[in-house]
Amino acid sequence: MRTVSITGHGVFTPSEIITNDELVVAFNAFADAQNEKHAEEIAAGTVEAIAHSSADFITSASGINQRYVVDKEGVLDPTRMFPNLEPRPDDAPGQMAEMGIDAARTALKMAGTDAADVDLVICAASNHERAYPAVAIEIQQLLGAGGFAFDMNVACSSATFGLQAAADMIKSGSVSKALVICPEICSAHLEWRDRDCHFIFGDVATALLLEADATSGFRIDSTRCATEFSNNIRNNNGFLRRTRDQMEDRRDMQFMQNGRKVFKEVLPMVSAHIKAHMADEGVQASDLKRLWLHQANKTMNDFIGKKVLGRTPEPFEQPNILQDYANTSSAGSIIAFSKHSSDMAPGDRGLICSFGAGYSVGSVVLTKH
């Protein structure tokens, strides 16, 4: 059976940044307008006033300082509070495809590989801008890749699930080179008007190139995925929405989560998953030079890192990027890998892990060539 390696990686970062301070100004202006509009109901106790947010609250709750977005103006408009993107004709590249191609070209250049030699493209993301045709097939065509392509959605675990799918196909011989691309426009599905989550997400795209029997980059030693159904992270939007006469602006049509339950239930699940994966592969905590974790919340990562290593990780051992990027869903662990792997020496081992809605969790054990 052939070996599989990650030989190239790339990150596309939007040019616009929203700091916590800027976000708070917009949110508080929205809150003041809503509280004034519903002053009588608030006084009567039938409507609850919207509390102000603060930069300190955001940082302490999440570890996030800023986020990159594809459109800043629409998000910071208190009368709108979501991105304002220009419509595109069907014969123009889609927004996700455009972002994904940028990251993919960086990965291909690093690996010294032509797009024509790629025979599998997986677009793995939490949200896709349309149901069909697949964004992956659009990326395949625009890159000039061969073979076949398909979309995958396992929420925040999409990248690691995509890695396992691509690696398994390479091992079996059905493909030789694969791109796993994660274009995430999280700003379009976040409810920016909800104080509990308005700061969580940012936009980005990542790409990984996988090759058979390569001697550069990182060898994929093992992958493992698991799922367990939960409603604690959910988005009820979908093509059946109009059939139920639910086209009005509804809170459950955007990102929703029960944060306390997620924290309580996901952390043990993820920690146990990683430790079991390591045990089955004979990997000791002392063998791991790097943990590239899903970038959702600093406290969550600190907890998982301590459980896995049996001690508090050093910053370089468990690098965080969410302070700059916020939660970028499936792309977060790949950004951490891309930006914090070049210093590793031959033989060094690391582990990528992503987790989220589903619940879902995926882990990948790597060794530097």
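## The buried face of helix α9

In helix α9, the residues Met300, Asn301, Ile304, Gly305, Val308 and Leu309 are buried, where buried means under 20% relative accessible area, exposed over 50%, and partly exposed in between (1.4 Å probe, protein chains only). Seen down the axis of α9, these buried residues fall within an arc of 140°, so they line one face of the helix; the arc is that of the directions from the helix axis to the C-beta atoms.

Helices (H or I, at least four residues) and strands (E, at least two) are DSSP runs, numbered from the N terminus. The model you are looking at is predicted: local features need pLDDT of at least 70, side-chain atom pairs count only at pLDDT 80 or more, and totals for chains, interfaces and linings use all residues. Residues are numbered from 1 along each chain as its sequence is written, and side-chain values use heavy atoms, with hydrogens and water left out.

## The two ends of α9

At the start of α9, a side-chain oxygen of Asn297 comes to within 2.8 Å of the backbone nitrogen of Thr299. Just after the helix, Gly310 has a positive phi of about 80°.

## Salt bridges

How many salt bridges does the structure hold? There are 14, each a side-chain nitrogen of Lys or Arg within 4 Å of a carboxyl oxygen of Asp or Glu. One of them joins Arg349 and Asp221, with the closest N and O atoms 2.8 Å apart. Arg349 lies in strand β12 (residues 349-356) and Asp221 in strand β8 (residues 218-227), so this pair ties together parts that are 128 residues apart in sequence. Asp221 is partly exposed, at 23% relative accessible area.

Another salt bridge joins Arg311 to Glu317 (2.7 Å, N to O).

## Strands β2 and β3

Strand β2 (residues 16-19) pairs with β3 in the antiparallel sense over four bridges; two strands pair if DSSP finds at least two bridges between them. Ile17 stands opposite Tyr68 in β3. From β3 (residues 66-69), Gln66 and Tyr68 point one way while Arg67 and Val69 point the other, and all are buried.

Methods. A polar contact is a pair of N or O atoms within 3.5 Å; within protein, one must be able to donate a hydrogen and the other to accept it, and residues adjacent in sequence count only if both atoms are side-chain atoms.
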